[in-house]
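The structure comes first, and the notes follow by topic.

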Amino acid sequence: MHAFTLPGFYVPHPARLNPHVERTRVHSTAWAREMGMLDSPKPGGGVIWDEPELDRMDYPLMCAYTHPDCDGPALDLITDWYIWVFFFDDHFLAHYKHTGDTEGAQAYLDRLERFMTMDGETPPEPTNPCEAGLADLWARTVPAMSDGWRRRFITSTHNLMVESMWELDNINRGRIANPIEYVQMRRRVGGAPWSANLVEYAVRAEVPDRLAATRPMEVLADTFADAVHLRNDLFSYEREVREEGENANAVLVFERFFGCSTQEAAELVNDLLTSRLQQFENTALTHVPALLADRACPAHEQVAVAAYAKGLQDWQSGGHEWHARSSRYMNDELATGDEPAVGAPSFGFPALGSSAATWLLPTPDRPGLRQRVRQHSFTPFRPVGHLPLPDLYMPFPVRTSPHLPAAREHAVAWARRMGMFESLPGVERGALWTEREFVGYDFPYCAANIHADADAEQLFISSEWLSWGTYADDYYPLVFGARRDLATARLTNERLLALMPLDLDAPVTVPAEHPLERGLDDLWRRTAGRLSDEARARFRKTIEVMLESWLWELANQAQNRIPDPIDYVEMRRRTFGSELTIALARLPHAHLVPEELYRHRVLREMETAASDYACFINDLFSYQKEVEFEGELHNIVVVVEHFLDVDRLKARDVVAGLMEARMRQFEHIASVDLPAMFETLKLDDEVRAALLRETDALKEWMSGILAWHQECERYAEPELLSRYRPAGPHAEFALLPSGLGTSALRVASRPWPKDVDLR
């Protein structure tokens with residue numbers, strides 16, 4: 001009996017078959033034999049693959065489905081790449097995962113990387129089928145592609161090989177990842193970003209270098225990757241978990257985290273898969289065109305991006321069809337008919353075959369319809385009331401700077417000088433904040449907790465950065481969001497970025513008489529002068545990322561679209577300003593740690609785990625403020641409510657569980673993975689000491705943020721009633737933005753609770 005019944009999949013576009021599949025079947029078998037992959041021995045007896053096994057798995061059919069439009073030679077080469085990557089996976093499993101040989105695995109991977117050469121480099125002589133295959137494929141592929149593509153492909157190939165060590169370490173420890181960690185790491189180890197790079201080769205259209213690192217293009221690749229991996233996890237659960245002893249599978253991760261049955265976990269994974277596919281569609285049809293227009297991309301770049309997006313879409317449908325047919329997976333429950341005919345649908349509009357006809361039927365149980373409707377069903381300004389909070393797991397103590405009293409006094413004077421208590425256009429209430437409210441928000445207390453060892457001047461600057469960031473975060477949705485005014489928000493971002501020159505000797509942009517510009521100009525001049533050129537560029541990037549993330553919030557608000565869970569978690573780190581506030585603590589010793597080290601899995605996972613914990617703290621405490629009083633949909637409790645279709649209390653408990661899981665992951669990394677990284681990379685004492693200080697700073701960052709939320713008045717119900725619903729004539733218009741858009745009208749017309757005195 002199977003562990004679960006496969007759920008109904010969201011496949012809105014029909015699969016198509018490349019006509020060169022038979023030619024590639026002949027070629028690929030010969031190539032695998034030539035590379036030594038057939039009859040390659042396993043430790044302890046047996047072989048990894050023989051020819052009948054390779055025929056049953058039918059990778060040429062997979063590539064013919066996933067790349068339906070490329071010519072015969074291109075299909076041959078792409079299929080060889082997939083045979084190589086699947087052989088690598090099974091070879092690594094047999095030689096290192098099953099044997100637990102961590103040291104041998106690292107040496108094996110280090111040597112394999114040497115076969116991905118840059119110009120002028122010579123690879124070593126191959127000693128096994130994986131090395132022989134990679135050497136051959138590299139020589140046949142990279143001459144046709146740009147240097148930018150080669151760098152991206154090296155990174156994705158490096159990730160899928162090297163991050164296999166994460167899987168091996170978890171197997172050896174019997175450790176199952178938490179859901180957020182799993183999705184992040186599966187994206188790196190699973191190989192789908194690598195597949196996205198090969199799509200560029202197949203469609204003969206590279207993503208322009210200047211666009212590759214933009215958020216819309218990254219989201220296309222990430223949503224593509226997550227959907228590929230989640231689908232694979234559903235089909236491969238029995239093979240990986242029951243037969244091979246793997247524990248890196250989303251169904252198993254969800255089963256353990258939610259304490260549910262395997263069937264329920266499979267349904268949740270499928271819901272997430274559907275959500276990621278719909279995020280891909282939303283990005284491709286809204287954000288990508290906006291990006292192309294914003295960057296004034298010429299026609300050939302627009303065509304390349306469209307071809308790439310269509311290639312990713314074809315891959316999803318073809319990948320599903322192959323999983324339904326391959327002997328490698330559990331699929332006997334799925335009925336498969338004749339192989340699809342050759343066709344060429346345009347991106348976003350399926351060819352009218354049987355799959356498309358099924359998709360077009362307006363049935364309420366159509367896969368994906370429920371998620372799409374639920375995602376756009378947010379009702380703003382719902383009276384939700386105070387959200388009682390459970391005990392939150394916090395293993396680290398709070399320390400507070402002795403300079404806190406001086407910082408409090410200084411912060412109020414600075415905010416007054418910047419004009420934060422003055423009336424603003426677009427805010428009917430007048431000032432965004434009053435001085436009394438600012439004192440109650442007590443940003444210096446937060447800064448004093450998260451930067452307890454800062455000197456007085458450093459604490460002043462940290463307090464003011466927190467004040468400015470929160471002021472801007474309040475300003476954007478109130479002034480731009482209600483009017484759906486993304487254009488002015490973009491212009492505001494451009495103005496703010498112009499106030500942060502990397503060259504401090506360059507001509508200065510004069511700030512406008514506005515708290516946002518005056519505050520940022522003052523803070524940048526006082527902060528940037530202390531930094532090296534490299535550290536200044538890195539710090540400016542954290543602010544740029546935060547500003548861009550607020551545009552993402554405004555776009556969702558305009559669509560009344562509750563974010564996809566994964567997209568929300570990843571963007572919340574940016575909207576919260578996590579990188580900015582972490583960077584403030586890192587500034588004193590940033591020069592000691594090489595920049596590339598921060599891209600290492602251990603440091604990246606430790607920082608994102610800490611960031612998620614802190615972001616979710618804010619979402620729990622601000623739930624009533626955001627949902628009931630501001631009509632806000634960007635809150636992890638709201639996201640969980642709508643994704644799982646549960647009430648706010650159940651959603652709260654899920655969030656608290658995620659927080660504990662991320663905190664325990666942080667503890668594991670700090671106590672186990674970080675010392676192991678020190679030894680593996682042979683870091684010197686100075687770098688080790690700097691990283692240990694940063695680890696301690698992250699501990700205090702999390703405990704300090706929790707303590708601030710527990711003490712400040714910003715989220716308390718009496719303060720919310722006072723600020724948003726003051727008694728007196730016309731009280732219902734207290735925070736109306738000028739220019740009555742649909743959101744503003746909802747504010748004016750919403751009913752007031754009966755216990756609020758409006759006389």
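Of the 119 residues in the largest nonpolar core, Trp465, Trp468 and Tyr476 touch the most other members. The model is predicted, so local features need pLDDT of at least 70 and side-chain atom pairs count only at pLDDT 80 or more, while totals for chains, interfaces and linings use all residues. Residues are numbered from 1 along each chain as its sequence is written, and side-chain values use heavy atoms, with hydrogens and water left out.

**Nonpolar cores**
- A nonpolar core is a set of buried Ala, Val, Leu, Ile, Met, Phe, Trp, Tyr and Cys residues joined through side-chain atoms within 4.5 Å; buried means under 20% relative accessible area (1.4 Å probe, protein chains only).
- Beyond its neighbours within four places in sequence, Tyr476 is in contact (heavy atoms within 4.5 Å) with residues including Gly481, Leu516, Trp550 and Leu554.
- A second, separate core holds 114 residues, among them Trp49, Met62, Val199 and Leu268.

**Helix α25**
- Helices are DSSP runs (H or I, at least four residues), numbered from the N terminus.
- Asp564 caps the N-terminal end of α25, with a side-chain oxygen 3.0 Å from the backbone nitrogen of Ile566.
- After α25 comes Gly577, with a positive phi near 75°.

**Glu628**
- Glu628 sits in helix α28 (residues 623-629) and is buried, with a relative accessible area of 5%.
- Its side chain reaches two backbone nitrogens: that of Val384 at 3.0 Å and that of Gly385 at 2.8 Å.

**Cavities**
- Eleven cavities of 30 Å³ or more are found in a search of the whole structure. A cavity is a set of points, on a 1 Å grid over the protein atoms alone, where a 1.4 Å probe fits but cannot get out.
- The second largest cavity holds about 530 Å³ of space; a volume is the space filled by probe spheres set on the grid points, which are joined across faces, edges and corners.
- Its lining has 31 residues, with Phe86, Asp89, Arg186, Gly190 and Asn232 nearest the centre; lining residues have an atom within 4 Å of a point.
- Helices that each supply at least two lining residues include α4 (72-97), α12 (215-243) and α15 (299-323).
- By class, that lining has 14 nonpolar, eight polar and nine charged residues; Asp, Glu, Lys and Arg count as charged, Ala, Val, Leu, Ile, Met, Phe, Trp, Tyr, Cys and Pro as nonpolar, and the others, Gly among them, as polar.

Technical notes: 1 Å grid on protein atoms, 1.4 Å probe; cavity = no way out; pocket = protein on both sides within 12 Å on 5 of 7 lines; lining within 4 Å. Buried < 20%, exposed > 50% of the residue type's maximum accessible area, 1.4 Å probe, protein only. Polar contact = N/O pair within 3.5 Å; in protein donor to acceptor, adjacent residues only side chain to side chain.
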